[in-house]
Protein chains: 2
Amino acid sequence: MSAHDEPTLNKKNIYTGKIIDVQLHEVELPDGKTSTREVVKHPGAVAVIGLTDEEKIPLVRQFRKAPEEMLLEIPAGKREKGEEPITTAVRELQEETGYKAAHLHEIAQFYTSPGFADELISVFLATGLQAGPSQTEADEFLSVEEWTLSDARAALRERRLRDAKTAFAIQALLLR
Amino acid sequence: MSAHDEPTLNKKNIYTGKIIDVQLHEVELPDGKTSTREVVKHPGAVAVIGLTDEEKIPLVRQFRKAPEEMLLEIPAGKREKGEEPITTAVRELQEETGYKAAHLHEIAQFYTSPGFADELISVFLATGLQAGPSQTEADEFLSVEEWTLSDARAALRERRLRDAKTAFAIQALLLR
């Protein structure tokens with residue numbers, strides 16, 4: 001613990017949910033005063049940018065309730081308890097797109113919204129893709145599209161890709 | 001509303017906070033079944049990647065309670081009610097780093113965590129920077145560093161930059 005930590009003096013559990021928990025922390029600031037911090041706890045997530053042998057990127061179109069919008073995203077999902085990120089990556093890619101990857105490696109890891117949430121996301125690059133049947137979860141309704149990198153780049157510039165991890169991953173491919 | 005929307009059948013307000021609100025929605029799925037969606041409402045945010053005349057990027061180091069980590073991030077802050085993103089951008093850049101920008105333009109806009117939150121972030125590029133005094137809010141404790149783009153790129157590759165908007169913005173500069 002450094003002088004710049006914000007130790008919790010009191011913690012109130014606001015909500016324990018299916019995916020997130022919400023906590024309210026009373027913290028001590030570096031100057032000795034106190035403040036409150038709202039914290040959303042999340043199990044962490046994994047996202048996969050795949051590149052097919054035809055140099056296409058599988059993208060998933062689905063309705064997202066929080067923003068109330070259809071979004072186009074790279075395949076992703078939350079980690080199960082104790083699950084290694086690469087296991088989640090293999091599972092989510094196959095469930096959402098049907099693809100199995102010969103090669104998967106982590107290209108980045110970051111917090112999506114550190115101001116209020118602890119969600120850490122691992123982004124994987126998947127190559128050597130073999131098509132197969134997809135199998136989504138009972139409450140997931142999505143369709144898969146395959147985009148060229150240059151179409152994805154144009155969509156990003158024109159604000160038609162509105163998901164952070166997807167924007168990051170497409171730029172990462174462009175910078176390879 | 002399309003066939004792929006998830007209309008809310010019932011909504012429960014779980015928490016009304018300082019920065020976030022939390023809601024639980026019972027929704028109708030496209031197949032007629034129902035499910036629940038946990039939704040974190042957020043006012044939206046703005047982030048600013050600045051480039052000084054010496055080609056350096058101002059970065060802010062601060063403790064983030066949610067991940068319990070010191071993070072290095074581009075200057076950012078949440079939008080006040082009804083505030084235009086560019087107004088937030090001008091304010092946050094000056095408050096956190098002291099810089100005034102001659103030129104500010106939005107380079108991207110995306111949802112940080114659309115699976116559970118509606119936070120939309122606008123990312124601005126700021127150039128023509130003029131140094132001045134910084135003035136942070138009462139509960140903000142941060143220090144400013146100035147990094148070269150190549151150091152920032154190396155830090156990104158080595159997982160030493162762990163914030164999504166910062167990772168995105170550095171890539172965007174590299175791709176200019």
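**Salt bridges**

Q: How many salt bridges are there over all chains?
A: The count comes to 24 salt bridges over all chains. Please note that this is a predicted model.

Q: What does A:Lys165 form a salt bridge with?
A: A:Lys165 pairs with A:Glu73, and their closest N and O atoms are 2.7 Å apart. Because A:Lys165 lies in helix α3 (residues 164-174) of chain A and A:Glu73 in strand β6 (residues 69-73) of chain A, the pair ties together parts that are 92 residues apart in sequence.

Q: Are A:Lys165 and A:Glu73 buried or exposed?
A: A:Lys165 is buried, and A:Glu73 is buried as well.

Q: Which residues are linked with A:Lys165 in a network of salt bridges?
A: The network links A:Lys165 with A:Arg64, A:Glu73 and A:Asp163.

Q: Changing topic, what does B:Glu106 meet in a salt bridge?
A: Its partner is the side chain of A:Arg159, at 2.5 Å from N to O. B:Glu106 lies in strand β8 (residues 100-111) of chain B and A:Arg159 in the loop between α2 (149-157) and α3 of chain A, so the pair joins two chains.

Q: And why does B:Glu106 count as partly exposed?
A: B:Glu106 counts as partly exposed because its relative accessibility is 22%. A:Arg159 also counts as partly exposed, at 27%.

Q: Where does B:Glu145 lie, and where B:Arg61?
A: B:Glu145 lies in strand β10 (residues 142-148) of chain B and B:Arg61 in strand β5 (residues 56-64) of chain B. Their side chains meet in a salt bridge of 2.5 Å, N to O.

Notes
Residues are numbered from 1 along each chain as its sequence is written. Chains are lettered from A and ligands numbered from 1 in the order in which they are written. This is a predicted model: local features need pLDDT of at least 70, side-chain atom pairs count only at pLDDT 80 or more; totals for chains, interfaces and linings use all residues. Side-chain values use heavy atoms; hydrogens and water are left out. A salt bridge is a side-chain nitrogen of Lys or Arg within 4 Å of a carboxyl oxygen of Asp or Glu. Helices (H or I, at least four residues) and strands (E, at least two) are DSSP runs, numbered from the N terminus. Buried means under 20% relative accessible area, exposed over 50%, partly exposed in between (1.4 Å probe, protein chains only).
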